[in-house]
Amino acid sequence: MPSKDLPRDVGGFIRDLRRNAQISLRQLAEQAGVSNPYLSQVERGLRKPSAEVLQQLASALRVSTPVMYLRAGLLEEKEGYGVLTAIAADSDLTIAQKQSLSQIYETFRRENARHAEAEAESAKQAEAASEAAAQAARAADAAAAAAGRAASGPSTQAPTGWPGDEEATPTPAAKTAKPVVKKTAKKAVKKAAPRAAEEEN
């Protein structure tokens, strides 16, 4: 009896594929590059084939290598490999139909994977372009603000224009106030002169 730690029915799976393809044990052994006794032991569950031998058998039987690996317990039934296993195990399908379905299924999966990668790359490029546009907008705002400050010029206070401040440029209000101050000073001097004379007397 086969040992419990041997692959799960991979030998019977290979035997069924070989018989459905109407290939003799010797022919399959030659195509797969293994000996006839070795292949016989594999089909009876007495030998555990390596991954390389399984790949060679899959190529000779024209089935998907992942399907062979699944039946040997080298892969978990995920990422669609369970579908390939179901196709290969369906007794209502011929070998040619199984091969066609497996190839179509794997082609679809590869195509979808390429589309997903392309969409991810497009999204990444769009995000980079959006970030670049945002940076350009911030730079334009900063340049506009700097141009506005340069156009307004430095902020200065108007000079007072008081008498004696020769360097200061008098403002219109200061120009108007200067004659008034002079007239007021003259009047004050005229009034003060008689008073000063009286006090001296």
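1. Let's start with a word you'll meet throughout: a residue is buried if its relative accessible area is under 20%, exposed if that area is over 50%, and partly exposed in between, using a 1.4 Å probe and protein chains only. You'll find Gln 22 in the loop between H1 and H2.

2. Some ground rules before going further. This is a predicted model, in which local features need pLDDT of at least 70 and side-chain atom pairs count only at pLDDT 80 or more, while totals for chains, interfaces and linings use all residues. Residues are numbered from 1 along each chain as its sequence is written, and side-chain values use heavy atoms, with hydrogens and water left out.

3. Now the overall layout. The protein chain has eight helices and zero strands, so its pattern along the sequence reads α-α-α-α-α-α-α-α; here helices (H or I, at least four residues) and strands (E, at least two) are DSSP runs, numbered from the N terminus. Of the chain's 201 residues, 25% count as buried. The chain exposes about 14,500 Å², and carbon and sulfur atoms supply 53% of that; the areas come from the Shrake-Rupley method with a 1.4 Å probe, and for residues only the protein chains shown count as cover.

4. Next, contacts, meaning heavy atoms within 4.5 Å. Among contacts in the chain with a separation of 6 or more, 44% are between residues 24 or more positions apart.

5. Which residues of H2 are buried? They are Leu 25, Leu 28, Ala 29 and Ala 32. Looking down the axis of H2, you'd see these buried residues fall within an arc of 100 degrees, so they line one face of the helix; the arc is that of the directions from the helix axis to the C-beta atoms.

6. Glu 30 counts as exposed because its relative accessibility is 59%. The cover over the buried residues of H2 includes H1, helix H3 (36-43) and helix H4 (51-61). Just after H2, Gly 33 takes a positive phi of about 75 degrees.

7. H2 and H3 deserve a look together. They pack at an angle of about 110 degrees, with their axes 9 Å apart, where axes are lines fitted to C-alpha atoms, for helices over the stretch in contact, and angles run from 0 to 180 degrees between N-to-C directions. That makes H2 roughly perpendicular to H3, because angles under 35 degrees count as roughly parallel, over 145 as roughly antiparallel, 65 to 115 as roughly perpendicular and the rest as oblique. On the H2 side, Leu 25, Arg 26, Leu 28 and Ala 29 meet Asn 36, Leu 39, Ser 40 and Glu 43 of H3.

8. H3 has a buried side too, made up of Tyr 38, Leu 39, Val 42 and Glu 43. Down the axis of H3, these fall within an arc of 135 degrees, so they line one face of the helix. H1, H2 and H4 are among what covers them.

9. On to the largest nonpolar core, which has 25 residues; those with the most contacts inside it are Ile 14, Leu 28, Leu 39, Leu 57 and Met 68. (Such a core is a set of buried Ala, Val, Leu, Ile, Met, Phe, Trp, Tyr and Cys residues joined through side-chain atoms within 4.5 Å.) H1, H2, H3, H4 and helix H5 (65-72) each give two or more residues to this core, and H4 gives the most, with six residues. Leaving out residues up to four places away in sequence, Leu 28 touches a list including Ile 14, Leu 39, Leu 57 and Ala 60.

10. Where does Arg 18 sit, buried or exposed? Arg 18 lies in helix H1 (residues 10-20) and is buried, with a relative accessible area of 10%. Beyond its neighbours within four places in sequence, its contacts include Leu 28, Glu 43 and Leu 61.

11. Last, two residues to check by eye. Most residues other than glycine have a negative phi. Gln 22 has a positive phi near 60 degrees, and Arg 62, in the loop between H4 and H5, likewise has a positive phi near 60 degrees. At 62% relative accessibility, Arg 62 counts as exposed.
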